[in-house]
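The sequence and structure come next.

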Amino acid sequence: MKSFKDFFEKYQWDEVKTKLEKVTLTDVEKSLQKKNKTIEDFLNFLSPVASQKLEVMAEMTQQLTQKRFGKTIQLYAPLYLSNECQNICTYCGFSLDNSIKRKTLSDTEILIEASVLKSMGVNHVLLVSGEANKTVGIDYFLNAIQLLKPHFANISIEVQPLSEEEYRRVHESGVHAVLVYQETYHQEVYKEYHPKGKKSNFEFRLETPDRIGKAGIHKTGLGVLLGLEDWRVDSFFNALHIDYLQKQYWKSRYSVSFPRLRPAEGIIEPNFIMSDRDLLQLICAYRIWNEDLEISISTRENEKFRNNIISLGATAMSAASKTNPGGYAVDKESLEQFETSDERSMEEIKNIIKKAGYDPVMKDWDVVYSGI
């Protein structure tokens, strides 16, 4: 059976970059008028010249999002389980070569953190950890899921890539969605950002969403780390990946996130600066190309941008996020993966959403509908 790798290898980074530079305003206008958009139309929407049509694209994005998702914003919060990691990643505060205090939550600590989230009204939790198989492996995750399952309607995970069988086990345990980021699709430089650890295996990570799809996970979330390489080229490959997955594993839902590099302990500076206007163009490109795609905005982004994006394409937002294990109550001083930019409370975010004329929804999907 083919995997995404077979499709990925048909494209070359430099060729995609050249195509983006050659797009004309006429190309963009024709793509905007088409009823059924293709990956080539997405490339046109990403192009530098398409920024001249940003107002038109933003209006279309607003209309398409409301048509498909209504005036709702799903809210969730991350629960960081561990900052232990066996990878060296040049952009991450959890990197193995950072000499910092490591922490993995115990059962009691997990439940304490959960109680704080529940007091905020959170009913959709995203479990996050560093990549340390021996410390936080499949058994640890399954135990955490069982501890939290009685307390949350929806549990998603963002952990190290697992095997297909392990994904089947987390699916059976009640996990709703799995988020996994390639970070960059630029294979020639990938090793420079990941010099040590299992994450340095480009192809294993590239084929992770295939394993998630085969395991029958309800939803898969993808994205690239914006700031490592040219965001336009990386985002084209990310969309190519989503396009492949939707056709191959059509029963699943898909979401895209837009993590821009934020300050963290011992990380590199961004190689490519992405402005708020650039990010808006990218969000619009995704929505106009794919009406069914869920679009998630994290607390990496500043308050002003998050306020405005509520009515311009977002379908989900994290809020009141702590990116360190125990950050809500147990150990507020443990190492963060990255600094958040929007530090407002869950209640404040809910009120902002309501003032914009939208409804904050505290869960994505309930396991009662799945038979789990």
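Asp-14, Glu-21 and Lys-22 are exposed residues on the face of H2 that is turned away from its buried side. Buried stands for a relative accessible area under 20% and exposed for one over 50%, with partly exposed in between (1.4 Å probe, protein chains only). Helices (H or I, at least four residues) and strands (E, at least two) are DSSP runs, numbered from the N terminus. The model is a predicted one: local features need pLDDT of at least 70, side-chain atom pairs count only at pLDDT 80 or more, and totals for chains, interfaces and linings use all residues. Residues are numbered from 1 along each chain as its sequence is written, and side-chain values use heavy atoms, with hydrogens and water left out.

H2 spans residues 13–22, and Trp-13, Val-16 and Leu-20 are buried in it. Seen down the axis of H2, these buried residues fall within an arc of 65°, so they line one face of the helix; the arc is that of the directions from the helix axis to the C-beta atoms. Helix H4 (39–46) and helix H12 (231–248) are among the elements that cover the buried residues of H2.

## Loop residues

His-186 sits in the loop between strand S4 (177–179) and helix H9 (187–193). Neighbours within four places in sequence aside, His-186 is in contact (heavy atoms within 4.5 Å) with Trp-13, Glu-229 and Asp-234. Glu-183 also lies in the loop between S4 and H9, and its phi is near 75°, a positive value in a residue other than glycine. Ala-320, in the loop between strand S8 (316–318) and helix H15 (346–355), has a positive phi of about 55°. Most residues other than glycine have a negative phi.

Lys-134 is placed in the loop between S2 and helix H7 (138–148). Its C-alpha atom is separated by 26 Å from that of Leu-225, 91 residues apart along the chain.

| Residue | Relative accessible area | Class |
|---|---|---|
| His-186 | 12% | buried |
| Glu-183 | 8% | buried |
| Ala-320 | 14% | buried |
| Lys-134 | 88% | exposed |

On a 1 Å grid over the protein atoms alone, a cavity is a set of points where a 1.4 Å probe fits but cannot get out; a pocket is an open set with protein on both sides within 12 Å along at least five of seven lines, and lining residues have an atom within 4 Å of a point. Grid points are joined across faces, edges and corners, and a volume is the space filled by probe spheres set on the points.

There are 3 cavities of 30 Å³ or more in the structure. The second largest cavity has a volume of about 160 Å³. Its lining consists of 15 residues, with Tyr-76, His-124, Leu-179, Lys-219 and Ser-296 nearest its centre. Strands S1 (72–82), S2 (124–129), S6 (253–257) and S7 (294–297) each give two or more residues to this lining, and S7 gives the most, with 3 residues.

The largest pocket holds about 250 Å³ of space. It is lined by 14 residues, and Arg-68, Phe-69, Arg-253, Asp-292 and Glu-294 are the closest to its centre. Helix H5 (54–69), S1 and S6 give two or more residues to the lining of this pocket.
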